[in-house]
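Please look over the sequence and the structure shown here before reading on.

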Amino acid sequence: MTEPPSDTAGPIRVVLAEDNLIVREGVRRLLELDDEVEVVASCGDLDSLLAAVEARRPDVVLTDIRMPPDASDEGIRAALRLRETHPGLGVVVLSQYADPGYAVALLANGSDRRAYLLK
């Protein structure tokens, strides 16, 4: 007989990265409405995102695709780096760009614990 899942595991710990303050705060507030989600850090650029992952050890990163410093593909670069440094970490990349190249780059090394979501 198998044990039912435990409810004592705690909430899903999320680091949120979005350079637009209004969007970042809106998403943060929406996530905080769910008792099963805890936003442990909220940041606006790639360096802050990577530092928050190291300091806060989240379960999931929810990141914009384009942020400072270059406003190009920081979310994709973060996901690729985190696959190597934190392979168990889930990464959801938010984008307003329906460019298949971004999704292909994100999923090139596999889709496990990776998602691409249009805003």
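## The loop between strand 3 and helix 3

A71 sits in the loop between strand 3 and helix 3. The model is a predicted one. The phi angle of A71 is positive, about 55 degrees, although A71 is not a glycine. Most residues other than glycine have a negative phi, and most peptide bonds are trans.

Five strands form an open sheet in the order 2-1-3-4-5, and their pairing is parallel. At the edges are strand 2 (37-43) and strand 5 (114-118), each of which pairs on one side only. On average, neighbouring strands of this sheet are turned by 20 degrees against each other, with direction ignored.

Within the sheet, strand 1 (residues 12-17) is joined to strand 3 (residues 60-64) by four bridges in the parallel sense. V15 has V61, in strand 3, as its bridge partner.

## Helices on the sheet

Helix 1 (residues 21-32) lies across strand 1, strand 2 and strand 3. The direction of helix 1 is at about 165 degrees to strand 2. Helix 4 (residues 100-107) also packs on the sheet, where it touches strand 4 (90-95) and strand 5. Between the directions of helix 4 and strand 5 the angle is about 165 degrees.

## Helix 3 against helix 4

How do helix 3 and helix 4 pack, and how far apart are their axes? Two packed helices are described by the angle between their axes and the distance between the axes. For helix 3 (residues 74-85) and helix 4, the angle is about 15 degrees and the axes are 9 Å apart. Helix 3 is therefore roughly parallel to helix 4, since angles under 35 degrees count as such. The crossing of helix 3 past helix 4 is right-handed.

On the helix 3 side the contact involves I76, A79 and L80, which meet Y102, A105 and L106 of helix 4. By class, the residues of this contact are six nonpolar, no polar and no charged.

L16 belongs to strand 1. Is L16 buried or exposed? L16 counts as buried, because its relative accessibility is 1% and the cut-off for buried is under 20%. Apart from neighbours within four places in sequence, L16 is in contact with R24, V27, R28, V39, A41, S42, C43 and L62. L16 and D73 are 57 residues apart along the chain, and their C-alpha atoms are separated by 16 Å.

## Two partly exposed residues

G10 is located in the segment before strand 1. Its relative accessible area is 46%, which makes G10 partly exposed. Between the C-alpha atoms of G10 and L89 the separation is 16 Å, and the two residues are 79 apart along the chain.

R113 is in the loop between helix 4 and strand 5. R113 has a positive phi, near 65 degrees, and is a residue other than glycine. The relative accessibility of R113 is 46%, so R113 counts as partly exposed.

How values were computed:
Residues are numbered from 1 along each chain as its sequence is written. This is a predicted model: local features need pLDDT of at least 70, side-chain atom pairs count only at pLDDT 80 or more; totals for chains, interfaces and linings use all residues. Side-chain values use heavy atoms; hydrogens and water are left out. Two strands pair if DSSP finds at least two bridges between them. Axes are lines fitted to C-alpha atoms, for helices over the stretch in contact, and angles run from 0 to 180 degrees between N-to-C directions. Contact means heavy atoms within 4.5 Å. Angles under 35 degrees count as roughly parallel, over 145 as roughly antiparallel, 65 to 115 as roughly perpendicular and the rest as oblique. A crossing is left-handed if the near helix is turned anticlockwise from the far one by less than a right angle, and right-handed if clockwise. Ala, Val, Leu, Ile, Met, Phe, Trp, Tyr, Cys and Pro count as nonpolar, Asp, Glu, Lys and Arg as charged, and the others, Gly among them, as polar. Buried means under 20% relative accessible area, exposed over 50%, partly exposed in between (1.4 Å probe, protein chains only).
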